[in-house]
Amino acid sequence: MTDVKFIIRTADQTRKAEVEMDRSSMGSDIVQAAVDNWALPTDTDYSLVNISTGKSLVPSQLLDENFVKPGDILEVQPVLVAGT
Amino acid sequence: MRWQDQSEVPALPPTAAFLETLSMPDAVRLGRLGNMAPRVVISSACFEAMIAHLAASRDELGGLLVGQAYGVDTPQVVAVRHCAASTAFDSTGVSLRMEADVWNIARPLLGPGAAIVGWYHSHPDLGAFFSDTDRTTQRSFFRQAFSLGIVIDPIRREMRAFIGPDCVEIPPSNMMIHGPSTFFQSAAE
Ligand SMILES: [Zn+2]
């Protein structure tokens, strides 16, 4: 299996990591790694966007060449909820 | 999987760097509030854009705030210069879900001296306060000491701001709108 090395960051750009993952990993694995490593809430919906290409990665998307190239920047973006 | 954290907390510029951009009377006025709580200075263009956005509906609306915080050890001034309105959302008169695309709307506004400094939303005709849900969102995703949560009731014309993960309320006297002229208008007036 080949690995791909890329950058992952939070949407507010306050957290950043260099990650090396197997290309058979999925978008959901990246989000889970960010949630685990940065103690992000687990009861939130997140989007994953490749900032370098502008493409979104759905949870089941494999990290293949068409979606993640070495050095790309991926952003984990939370849905924000408010109430009264 | 190999995970190498590269997060850095960038040092905030000193408050003097913000004061230098003001006229002398404005700088003096900003210093003379009788309290040490952070000052929130919203550009008038941003404030007007926020009000125009939030007044457009009886349902809750919101978005992100872009600007710069100043202060060496603790944030002393949070300058809010742009707002990024959420355009993909689900809302009622008492709830709001902003889809993640709001971050893509804010991103082109970011750069040197322009970071995400918080978020804003409306409570139409319910008063400006921070609900339990609002506190949870602030604690979860606006975790910097300078992170602001601004709530506006566009009908009752109320505005309140809360800072940091603990959602400490900013005194109304410390909320200021900074116009193109050298005129400060406290949001409390
Ligand atoms: Zn609220």
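Select A:Ile30, which is buried, with a relative accessible area of 1%; buried means under 20% relative accessible area, exposed over 50%, and partly exposed in between (1.4 Å probe, protein chains only). The model is predicted: local features need pLDDT of at least 70, side-chain atom pairs count only at pLDDT 80 or more, and totals for chains, interfaces and linings use all residues. Residues are numbered from 1 along each chain as its sequence is written, chains are lettered from A and ligands numbered from 1 in the order in which they are written, and side-chain values use heavy atoms, with hydrogens and water left out.

A:Ile30 sits in helix H1 (residues 27-38) of chain A. Helices (H or I, at least four residues) and strands (E, at least two) are DSSP runs, numbered from the N terminus. Show the surroundings of A:Ile30: not counting residues up to four places away in sequence, it touches A:Phe6, A:Ile8, A:Met21, A:Leu48, A:Leu63 and A:Leu74. Contact means heavy atoms within 4.5 Å. Then pick A:Pro59, 29 residues from A:Ile30 along the chain, with 8.8 Å between the two C-alpha atoms.

**Chain A as a whole**

Colour chain A by secondary structure: it has 1 helix and 6 strands, in the sequence order β-β-α-β-β-β-β. Along the principal axes, the C-alpha trace of chain A spans about 50 × 20 × 20 Å. Of its 84 residues, 50% count as buried. Among contacts in chain A with a separation of 6 or more, 54% are between residues 24 or more positions apart.

Colouring by charge picks out 7 positive and 13 negative charges in chain A, with mean positions 8 Å apart. Lys and Arg count as positive and Asp and Glu as negative, while His and the chain ends are not counted; the place of a charge is NZ of Lys, CZ of Arg, CG of Asp or CD of Glu.

Next, select A:Gln13, in the loop between strand E1 (3-10) and strand E2 (16-22) of chain A. A:Gln13 is not a glycine, yet it has a positive phi of about 65 degrees. Most residues other than glycine have a negative phi. A:Gln13 is partly exposed, with a relative accessible area of 37%.

**The zinc site**

Which atoms coordinate the zinc ion? Centre on the ion to find A:Gly83 (O), B:His121 (NE2), B:His123 (NE2), B:Asp134 (OD) and B:Asp134 (OD), at 1.9 to 2.7 Å. A:Gly83 lies in strand E6 (residues 80-83) of chain A and B:His121 in strand E7 (residues 115-122) of chain B, so the pair joins two chains. Both A:Gly83 and B:His121 are buried. Donors are N, O and S atoms within 2.8 Å of the metal (3.2 Å for Na, K and Ca); water is not among the atoms, so sites may look incomplete.

Move to B:Thr137, in helix H5 (residues 132-141) of chain B. B:Thr137 is buried, with a relative accessible area of 4%. Apart from neighbours within four places in sequence, B:Thr137 is in contact with A:Leu80, A:Val81, B:Trp119 and B:Phe142.

**Chain B**

Buried residues make up 47% of chain B.

Select helix H3 (residues 44-54) of chain B, where the buried residues are B:Ser44, B:Cys46, B:Met50, B:His53 and B:Leu54. Elements that these residues pack against include strand E3 (62-70), strand E4 (77-85) and E7 of chain B.

Finish at B:Arg157, in the loop between E8 and strand E9 (158-163) of chain B. B:Arg157 is exposed, with a relative accessible area of 78%, and its phi is near 55 degrees, a positive value in a residue other than glycine.
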